[in-house]
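Okay, thanks for coming, everyone. Let me put the model up and walk you through a few parts of it.

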Amino acid sequence: MAKLKIAVIGCGSIAKHRHLIEYAANPHVEITAVCDIVEKRAEEMAQTYGAKAYTDYEQLLGKEDVDAVSICLPNYLHAPVSILALNAGKHVLCEKPMATSSEEAENMIQAAKKNGKKLMIGHNQRFVPSHQKAKQLIESGEIGKIYSFRTTFGHGGPETWSADGREGWFFDKEKAFIGAMGDLGVHKADLMRYLLGEEFSEVAAFVETSAKGDTDVDDNAVCVLKTESGIVGTLAASWAYNAKEDNSTIIYGENAILRLEDDPKYSLIVQYATGEVVNYELGGIQTNESGGQTTTHVIDHFVESILEDREPLINGVEGMKSLEVILGALESSATRKISNVKG
């Protein structure tokens, strides 16, 4: 079988510590080109992976005969560069949040459809073993009716691991569009949609800038969410959890409570109403703190989707639905009213 030729556009932290490592580990892939506006960064990755270096993504897309690309650029470039790549006949794996508006997301979806190419959004939380096991338990009916949840994703901020540190695009609102909610909150919106198996209909949120100086992007947010069937819960996203990352989710059901990534040893703890407790050691969720995210399964799933010609688990439509939860939270925070989530 011929290997898929892959290009990675953007050679910052997420490309270096996830995309490139996982592509290199996949036997069905050949990394043929990389691109970054910082020439030294592109050259370094090109040398590491035996690829050709570019500083202009339009040149790369015009010259390189690649099958697929990863878009690892600042948020404001996700949609335009994804659309450019799709129109150039490439499959696209785009980092989250997929776009800065519903209109941009819709344009990405239409570009993929028009060109007959795969569009996948890099939401890795669906592939975490504890999350997949929890989904199985919920779908089986073992947990009974779900009443509520709380989910959080927080760390000390992207300056601790991004390629440009505190000077990076994460803190530039024109390039980032959104802060902790786009960096972390959208992951949890996607996870809860996946676990609960239904859409959110309403959101009330406080989205604040309180922990970081000299920036106008959000760094602390708390949302109250309601699903179409009436499940209510909270979602928190923060760049102010300075002592330790928190990536936990707790789901409160009729027959049991599920504690996901809430214990240092057991990645899933099921506390049954009968008093029984079942502990699952499924391997902890990978973090930037633990030395990189090298087996997230995002890349493997993207590659399989192309080779087997099937729709990715997190396609453009799924990515857009998760984005719209976050857009609704922004609207709620700005208006100080409950917002309806588009869908």
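So, in helix α5, the buried residues are Ser102, Ala105, Met108, Ile109, Ala111 and Ala112. Buried here is under 20% relative accessible area, exposed is over 50%, and partly exposed is in between, with a 1.4 Å probe and protein chains only. As a reminder, an α-helix has 3.6 residues a turn, so residues three or four places apart point the same way.

Before I go on: this is a predicted model, where local features need pLDDT of at least 70 and side-chain atom pairs count only at pLDDT 80 or more, while totals for chains, interfaces and linings use all residues. Numbering runs from 1 along each chain as its sequence is written, and side-chain values use heavy atoms, with hydrogens and water left out.

Back to α5. What do its buried residues pack against? They pack against α4 (75-87), β5 (91-94), β6 (119-121) and α10, with contact meaning heavy atoms within 4.5 Å. Helices are DSSP runs of H or I with at least four residues, strands are runs of E with at least two, and both are numbered from the N terminus. After α5 comes glycine 116, with a positive phi near 65 degrees.

Now α10, residues 316-335. This helix has 20 residues and reaches 28 Å from first C-alpha to last, close to the 28 Å expected. It's mostly covered, with 14 of the 20 residues buried. At its start, a side-chain oxygen of asparagine 315 comes within 3.2 Å of the backbone nitrogen of valine 317. That's a polar contact: N or O atoms within 3.5 Å, one able to donate a hydrogen and the other to accept it within protein, and residues adjacent in sequence counting only if both atoms are side-chain atoms. Arginine 336 follows α10, and its phi is positive too, near 60 degrees.

On to the sheet. It's open and mixed, with 9 strands in the order β14-β13-β12-β11-β7-β10-β9-β8-β15; strands pair if DSSP finds at least two bridges between them. At the edges, β14 (277-280) and β15 (339-340) each pair on one side only. α10 packs on this sheet, touching β8 (200-208), β9 (220-227) and β15.

Last stop, aspartate 36, in the loop between β2 (29-35) and α2 (39-49). Buried or exposed? Aspartate 36 counts as buried, because its relative accessibility is 8%.

Notes
The expected span of a helix is 1.5 Å times one less than its number of residues. Axes are lines fitted to C-alpha atoms, for helices over the stretch in contact, and angles run from 0 to 180 degrees between N-to-C directions.
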